[in-house]
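Keep the view open and try each task before you read on.

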Amino acid sequence: MMTRHRTQPTARRHVPRSAVVLGIVVALTAVTGGAAAAVTTTQDDPSRIGATERVTGPRFLSGTDVEVAGNVDGDVYAAGQNVTVSGRVTGDVIAAAQTVTVTGEVDGDVRLAAQSAVVTGTVRRSATIAASSISIAQSGSVKEDLVAAANTISVAGDLGRDARLSVDRLTVAGTIGGDVVYVSDHTAQMRADHVDGSVQHVHPNRTPYRPTAGEAFASWLVGLLYALVALGLITLAAGLLVPRQLTRVADRLRAAPWRAALVGFVTAVAAPLALLLLLVTVIGAPLALTGLLVLLVLTLAAFPYGAFMIGRLILRGRRGPVVTALLGGAVLVVALHIPVLGVLVTVVTIVLGLGAQLLDIADARPWDRAGRRTDVRGGEGIPATPGGAGRI
């Protein structure tokens, strides 16, 4: 019979591989664990049915190495590191293990969750398997359907009916009596005369979601409103708590903008490099972490100072610090959200804000309170008294 190859771009009718694996593992855990709690086996060895034994199911087996070598008239539930079914099971086999191998005969269905699943025997009904690798050996056969999810699937034996597969690499060297539908990024390795039905290759739908123009604008607007509220609260707190500090730094920036820009630029470039060099040393690591924290605080503080400076330029000092900071913050946030311009505004705000803060710290000289200070009115160095007040 001729094989018809069809390719579809999407996989709407197929469950994703991760969902298949998760569902099978959860089902096996629930069924096996719940049933095992309710039924107590009478075997001496709960992990093995010997080759000479003939027992009636259902049977619940667990252990490091689980082996079903005898005959079971009923279902088998098994969990362990390695599970081997080499005897005959008249019912179903439900197993979860690192390696599951079926070398005997199973008259019912098999449902397996494993890292590696190998069928070299006969499954007279269907197989549902989730594993990293699945192999239907040349001597193996599944008389009805195969539903599987794996990284690699190899079918060298016989499959009686259809195959529904979610796979990365698929190889078919045996025979498949029905249709093959596989979801994969790669084309399967198979000959046309090995499949009696049709072959349908479904490519996973990986088209990234692209928002519409309205959704993009709504997202931008929400981000803008959030930034307005956040920076508004910060500038409001600064205007209420440290109005003198805002005014002093803004005065320093207005008096020497180019000097502030130079100091801020050098700090923004050199400080991270210096802190990185300190961080790789054992002795300098604590100092580097402290310096990194200080640099981060100064960088974030540059935005409230920038907002206050913009408000002063607009209002020309006719309003209080709270109103000035709020107005400047609103203008700054809007500018930051304009494409291209926002990047430039961010850089300028950080550079000028860093420079103005460092110049203000240098003028205050918190490390040298007993030394000399500068009289800003006359530019003359005046000794400071022990109480902090100099005489003019």
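## Exercise 1: Follow the strands

Strand 18 and strand 20 (residues 199-202) run parallel and are joined by four bridges. Please bear in mind throughout that this is a predicted model.

**Task.** Find the bridge partner of Val183 in strand 20, then work back through the strands that pair in the parallel sense with strand 16.

**Solution.** 
- Step 1. Start at Val183, whose bridge partner in strand 20 is Val202.
- Step 2. Move to the pairing of strand 18 with strand 16, which is parallel and has four bridges. Here Tyr182 of strand 18 stands opposite Leu165.
- Step 3. Go on from strand 16 to strand 14: these two pair in the parallel sense over nine bridges. One place to look is Ala150, whose bridge partner in strand 16 is Val167.
- Step 4. Strand 14 also pairs with strand 12, again in the parallel sense, over eight bridges. In this pairing, Leu146 of strand 14 stands opposite Ala127.

## Exercise 2: Look inside

**Task.** Which residues of the largest nonpolar core touch the most other members?

**Solution.** 
- Step 1. The core has 47 residues, and Ile129, Ile153, Leu165 and Leu170 touch the most other members.
- Step 2. Now see where the core comes from. Among the elements that give two or more residues to it are strand 4 (59-68), strand 12 (127-136), strand 14 (146-155), strand 16 (163-172) and strand 18 (180-183).
- Step 3. Zoom in on Ile153. Setting aside residues up to four places away in sequence, Ile153 touches Ile134, Ala148, Leu165, Val167, Arg169, Leu170 and Thr171.
- Step 4. Look for a second, separate core: it has 14 residues, including Leu224, Leu298, Leu332 and Leu354.

## Exercise 3: Helices that cross

**Task.** How do helix 5 and helix 6 pack, and what angle do helix 3 and helix 4 make?

**Solution.** 
- Step 1. Two packed helices are described by the angle between their axes and the distance between the axes.
- Step 2. For helix 5 (residues 285-315) and helix 6 (residues 321-336), the angle is about 105° and the axes are 6 Å apart. Angles of 65 to 115 degrees count as roughly perpendicular, so helix 5 is roughly perpendicular to helix 6.
- Step 3. Sort the residues in this contact by class: 13 are nonpolar, four polar and one charged. Among them are Phe303 and Phe308 in helix 5, and Val323 and Leu327 in helix 6.
- Step 4. Turn to helix 3 and helix 4 (residues 257-279), whose axes cross at roughly 105° and come within 5 Å. Helix 3 is therefore roughly perpendicular to helix 4.
- Step 5. Arg252, Leu253, Arg254 and Ala255 of helix 3 make this contact with Pro257, Arg259 and Ala260 of helix 4. By class, four of the residues are nonpolar, none is polar and three are charged.

## Exercise 4: Buried or exposed?

**Task.** Are Ser47, Val242 and Val340 buried, partly exposed or exposed?

**Solution.** 
- Step 1. Ser47 is in the loop between helix 1 (17-38) and strand 2 (48-49). Its relative accessible area is 14%, so Ser47 is buried. Beyond residues up to four places away in sequence, Ser47 touches Ser62, Gly63, Asp65, Val66 and Glu67.
- Step 2. Val242 lies in the loop between helix 2 (213-241) and helix 3 (243-255). With a relative accessible area of 38%, Val242 is partly exposed. Val242 and Pro321 are 79 residues apart in sequence, and their C-alpha atoms are 9.3 Å apart in space.
- Step 3. Val340 sits in the loop between helix 6 and helix 7 (341-364). A relative accessible area of 72% makes Val340 exposed. Val340 also has a positive phi of about 70°, although it is not a glycine.

Notes:
Residues are numbered from 1 along each chain as its sequence is written. This is a predicted model: local features need pLDDT of at least 70, side-chain atom pairs count only at pLDDT 80 or more; totals for chains, interfaces and linings use all residues. Side-chain values use heavy atoms; hydrogens and water are left out. Axes are lines fitted to C-alpha atoms, for helices over the stretch in contact, and angles run from 0 to 180 degrees between N-to-C directions. Angles under 35 degrees count as roughly parallel, over 145 as roughly antiparallel, 65 to 115 as roughly perpendicular and the rest as oblique. Contact means heavy atoms within 4.5 Å. Ala, Val, Leu, Ile, Met, Phe, Trp, Tyr, Cys and Pro count as nonpolar, Asp, Glu, Lys and Arg as charged, and the others, Gly among them, as polar. A nonpolar core is a set of buried Ala, Val, Leu, Ile, Met, Phe, Trp, Tyr and Cys residues joined through side-chain atoms within 4.5 Å. Buried means under 20% relative accessible area, exposed over 50%, partly exposed in between (1.4 Å probe, protein chains only). Two strands pair if DSSP finds at least two bridges between them.
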